[in-house]
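I opened my notebook to walk through a structure that is new to me. Here is what I looked up, entry by entry.

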Amino acid sequence: MSAVRHCYSPDAPQTERLAAYLEEKEARVERREAFARRHSGETVVQLALNIPGRIKDSALLRRMLASGMSEFALRFPQLTECALNNASAGPSALFAAAEAPQSVKEKTAELEALHPWSRLYDFDVYDAGGKTVSLASRHGMGRTCFVCSRPATLCMREKSHSAEDVAQSVTDRLARFAAYETAFTVSAAARRAGALALRAALYEVGLQPKPGLVDPAHSGSHEDMDFFTFQRSAA
C-alpha cells in the first residue's frame with residue numbers, strides 16, 4: 001500500500017488540493033483491495049461520507065461516520081471485521097460480512113434513508129470478485145438529490161439546483177445529526193425544562209389582546225416582529 005504524500009488542506013491552491021484529494025482516493029482503493037484479499041469469499045462494504053464542497057473532514061463528520069458504523073454493525077451480526085481510516089479527504093470504514101452481497105446492498109440502502117442525515121452516508125458493496133453491487137430498484141438512476149426527491153443524476157444533468165442550495169441542504173442535515181447527538185447528552189430534567197420553556201413562549205405570544213405587544217392579530221409597537229416571527233423562532 002503506497003503512503004499518501006500530500007496533505008489535503010482546504011486552504012491549499014486548487015491544483016494542490018485536487019492532486020492531494022485524488023491521491024488519497026487512490027490510497028482508499030488500495031486499502032479496500034488489500035482488505036478484500038484478507039477476506040476472500042466475503043462481501044466487502046466501504047462506508048464513506050458524501051460531502052460536497054471543500055471541507056471533507058472534521059470532528060463532526062468523524063462522529064457521523066462512527067454513528068453509521070454502529071448502525072451497520074447492528075444489522076449484521078455476522079460481521080467479521082471492521083477497519084476505520086481517518087484521512088483529510090474524508091473518513092471511511094471497511095467491513096467484511098458473511099452475507100450475500102445483494103442482501104447487504106439492500107440493508108445498506110435502508111441505512112442510507114434511515115435519518116435525514118443518512119443521505120450523507122455512502123455505502124459501496126462489493127461481491128467476492130470485487131465487483132460493485134447495484135440496487136435493482138434504483139433502475140440505474142442512483143440515489144435521490146440532496147435538495148429534492150428526484151434522482152440526483154437528473155438534477156446534476158439539468159443543473160436544477162445551485163451550489164448554495166446543495167450546500168445548505170448538507171448544512172441542514174449536519175445540524176440534524178448534531179441535534180440527534182445532543183439528545184443523548186441532555187438530562188431528562190433539562191429536556192423537561194426546555195419543553196416547558198417552549199410551551200410558555202408559545203402560550204405567551206398566543207395571548208390576546210396584549211396592548212403594545214405582539215399577539216396573533218397585531219404587532220403592537222414592534223415594527224420588526226410579528227406573530228409568525230415568534231413561531232419561526234420557536235420552531
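Predicted model: local features only at pLDDT ≥ 70, side-chain atom pairs only at ≥ 80, totals over all residues.

**Salt bridges**

I began with Arg-75, which counts as partly exposed at 27% relative accessibility. My cut-offs were these: buried is under 20% relative accessible area, exposed is over 50%, and partly exposed lies in between, with a 1.4 Å probe and protein chains only. Residues are numbered from 1 along each chain as its sequence is written, and side-chain values use heavy atoms, with hydrogens and water left out.

What does Arg-75 pair with? I found a salt bridge with Glu-71, the closest N and O atoms being 3.1 Å apart. For this term I required a side-chain nitrogen of Lys or Arg within 4 Å of a carboxyl oxygen of Asp or Glu. Side chains of opposite charge can pair when their charged atoms come close. Glu-71 and Arg-75 both sit in helix H2, four residues apart, which is about one turn of the helix. Glu-71 is buried, with a relative accessible area of 13%.

I then searched the whole structure and counted six salt bridges. One of them joins the side chains of Arg-62 and Asp-57, at 2.7 Å from N to O. Arg-62 is partly exposed, with a relative accessible area of 33%. Another links Arg-150 and Glu-158, whose closest N and O atoms are 3.1 Å apart. Arg-150 is partly exposed at 32% relative accessibility, and Glu-158 is partly exposed at 47%.

I looked at H2 as a whole next. Helices (H or I, at least four residues) and strands (E, at least two) are DSSP runs, numbered from the N terminus. H2 covers residues 59-75, and at 1.5 Å a residue its 17 residues should span 24 Å; the end C-alpha atoms are 25 Å apart, which agrees. The expected span is 1.5 Å times one less than the number of residues.

Which residues of H2 are buried? I listed Leu-61, Met-64, Leu-65, Ser-67, Gly-68, Met-69, Glu-71 and Phe-72. The buried residues of H2 pack against strands E1 (43-49), E2 (79-85), E3 (92-97) and E4 (121-126), and against helices H3 (101-111) and H5 (163-183). Contact here means heavy atoms within 4.5 Å.

I gave helix H1 (residues 14-38) the same check: its 25 residues should span 36 Å, and its end C-alpha atoms are 36 Å apart, which agrees. The buried residues of H1 include Arg-17, Glu-23, Arg-28 and Phe-35. I saw that the buried residues of H1 pack against E1, E2, E3 and E4.

**Ala-96**

I picked Ala-96 in strand E3. Is Ala-96 buried or exposed? It counts as buried, at 0% relative accessibility. Leaving aside neighbours within four places in sequence, I found Ala-96 in contact with Phe-35, His-39, Glu-42, Thr-43, Leu-79, Thr-80 and Glu-81.

**Cysteines**

How many disulfides does the structure hold? I found zero, taking a disulfide as a pair of cysteine sulfur atoms within 2.5 Å. The sulfur of Cys-145 is 3.9 Å from the closest cysteine sulfur, in Cys-155, so it is too far for a bond. The sulfur of Cys-155 is 3.5 Å from its closest cysteine sulfur, in Cys-148, and that is also too far for a bond. Cys-145 is buried at 6% relative accessibility, and Cys-155 is buried at 5%.

I ended with the backbone. Most residues other than glycine have a negative phi, and most peptide bonds are trans. Lys-159 has a positive phi of about 55° although it is not a glycine. I placed Lys-159 in the loop between helix H4 (152-158) and H5, where it counts as exposed at 71% relative accessibility. A cis peptide bond joins Gln-208 and Pro-209, with omega about 0°. Pro-209 is in the loop between H6 and helix H7 (227-234).
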